[in-house]
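Reader: I would like to learn how to read a few features of a protein model. Could we go through them one by one?

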Amino acid sequence: MTTERRLADGIVAALAALHIPVEPQEVQLVRPARPEHGDWSTNAALVVAKSVGRAPRDVAAALVAALQDAEIYEVVAVEAAGPGFVNFKLATSWLHHALMDVVAAGEETYATPELGAGERVQIEFVSANPTGPLHVGNGWLGSYGDALGRVMSRCGWEVEREFYVNDTGGQIRLLGESLLARRRGEVVPEEGYQGEYVTQLAQQYEGPEDIVQAGRFASEAILENIRETLERLDICFDEWYSQASIEESGQVGETIELFRERGLVYEDDGAIWLRSTEVGDTRDRVLIRSNGDVTYLAGDLAYHRDKFLVRKFDRVIDVFGADHHGQVASLKAGVTALGIDRDRLEIRLGQLVNIVGRRMSKRSGNFIKLDSVIDEIGADATRLLSLLNSIDQATTLDLELMKRRSMENPVFYVQYAHARIAAIDRKRAERGIERVPISEANLALLIHDRELELMRCLVDLPYVVGEAAKERAPHKVTNWVRLLAGEFHGFYHDCRVLSDEVPFELTQARLWLVEGVRIGLAIALSLLGVRAPDAM
RNA sequence: GCCCCCGUAGCUCAGUGGAUUAGAGCAGCUGCCUUCUAAGCAGACGGUCGGAGGUUCGAGUCCUCCCGGGGGCGCCA
């Protein structure tokens, strides 16, 4: 049983003994930022004060007395503080036990909070049009979606990642036209695709002078290039879902029929409309244009019908760039019109990114190829760079920083910590030192401030991973791992593991502490999709 | 006009209800290498948390309005 569990149970029991009713969710047990506030702290007295009509400090005092009587294991002091917090001070041994827990659980099972309860969630992300190479923004949200999937999987969600391939419609025709124009040596139409890759594809295309076939050829080749780029970043998908396939399968018609049955379809100006204002949209939307083509929205709604009603996901998370904000209202409304609880569809909008020193015209970040960034700074740095900040914030990425081989560069800083640990282990082997089983190590010798800080940091990982999953914010894992790496470099500087000056027993204890840190680094880096190297 | 995101140190950003001194990294300043990688560690400096009201025992964090930046409001995708 963890210390946290013991304290939480103790608080509930103490409140019960005092006949104070409470909603358990309101009571928080946190690790305070300031050491003088103890090892753990609860706001229980503050949140129940109003309902029992007593001053928070009075409740806190009563709670303290009850908790003292309870004599919880390893708790050496309970005190009321500030406006009514109850702070717990624990024997240092609680950290040693926590370290044992980390090592016992290991990389596989440490920090795997059961939050998802097996809920089946689909995360759709990137879904870039196969009309050109991926840009920086795709890598940014691709890293986000992939890391979010990893974090949620670790927390007990059953995750599937999907890439929606927009392989049909006007843009593919336009791509075909652009390619054919290039092959004829003519100028590409003004709204067409001007990129040099079109010229290259035109040279490879040996098919007929047919827009559809040329478009398909080009989009397939480009999609292949997209896959390769994503693979370089270790961004994986379970499914590549074709928009063309959903249109050809008749599902669009079935979806529109469903809307019709609900009386949400009408004709106007020769087009077929969805009365989406009935279900929360700001305006009605066209499903079938007057020329007979289905709109992107109609396909997208058929696609979401497939996600919810055919494949039966409990929850769907769509990750879009902020430039797709216009789709949100109609998608939500369409899903509602299908009789699906709109809260089961989560749409995360990532703000647009810019690059330091590359003067942006409008959305300039989007014109920088992802492949060239990976060439420049490497895959690990590209991923970590993308996971440094919240996607809610329009950020300016600094490529130069990520190229430096020094502490200023977060990816090197963190990976270097892992490499240093591996170096210690190599040195240990060289010196013929065996690591004794942890049960035989005297962890009580770990009392240096650096050592205690490292253990405190490790204790926080399950909480951090859980928050990252619940808030769909994998960058919280990045923050944590940078912190852990920082603590480790401090420890490394002040506390030698292998040295004639260090007693054998302390060496053994430190070897296990270092192993705990390695586990923490390995877990966090794997969630972020960044390699944990043994040497640099 | 309406909708979404943001405004925190010179720069890039954490922090999204909790504790009389709001954090990190970088830039600039100062120390520390016969030692497991100095690709490191430490110290000092640096902020009216865009502004004004409000809710609360408690607000950078929640609500309202205003100012500023980005994005979006197609029979495009």
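Reader: Which residue in E9 is the bridge partner of Val-265?

Author: First, a caution: this is a predicted model. To find a partner, look across from one strand to its neighbour. Here the bridge partner of Val-265 is Leu-274 in E9. Likewise, Glu-267 has Ile-272 of E9 as its bridge partner.

Reader: How many bridges join E8 to E9, and how do the two strands run?

Author: There are 4 bridges between E8 and strand E9, residues 271-274, and the two run antiparallel.

Reader: Now helices. At what angle do the axes of H1 and H3 cross?

Author: For a helix pair, take the distance between axes, the angle and the handedness. The axes of helix H1 (residues 3-17) and helix H3 (residues 56-70) cross at roughly 115° and come within 9 Å. The crossing of H1 past H3 is right-handed.

Reader: Which residues of H1 and H3 make the contact?

Author: From H1 they are Gly-10, Ile-11, Ala-14 and Leu-15, and from H3 they are Leu-63, Ala-66 and Leu-67. Sorted by class, this contact of H1 with H3 has 6 nonpolar residues, 1 polar and no charged ones.

Reader: What does the domain assignment of chain A give?

Author: A domain may be listed as one segment or as several. For chain A the assignment gives domain 1 as 3-91, domain 2 as 125-250 + 301-353, and domain 3 as 405-528.

Reader: How many residues does the contact take from domain 2 and from domain 3?

Author: Start with the spacing: the centres of domain 2 and domain 3, taken over C-alpha atoms, are separated by 40 Å. The contact takes 13 residues from domain 2 and 11 residues from domain 3.

Reader: What area do domain 2 and domain 3 bury between them?

Author: They bury about 1,100 Å², and 69% of it is on carbon and sulfur atoms. Of the area that domain 2 buries against domain 3, 45% is supplied by Arg-150, Val-151 and Arg-154, more than by any other three residues.

Note on methods. Residues numbered from 1 in each chain as written. Chains lettered and ligands numbered in written order. Predicted model: local features only at pLDDT ≥ 70, side-chain atom pairs only at ≥ 80, totals over all residues. Heavy atoms only, no water. Pairing = 2+ DSSP bridges. Axes fitted to C-alpha atoms, helices over the stretch in contact; angles between N-to-C directions. Left-handed = near helix turned anticlockwise from the far one by under 90°. Contact = heavy atoms within 4.5 Å. Nonpolar A, V, L, I, M, F, W, Y, C, P; charged D, E, K, R; others polar. Domains from an automatic or database assignment. Buried area = accessible area lost by both parts, 1.4 Å probe.
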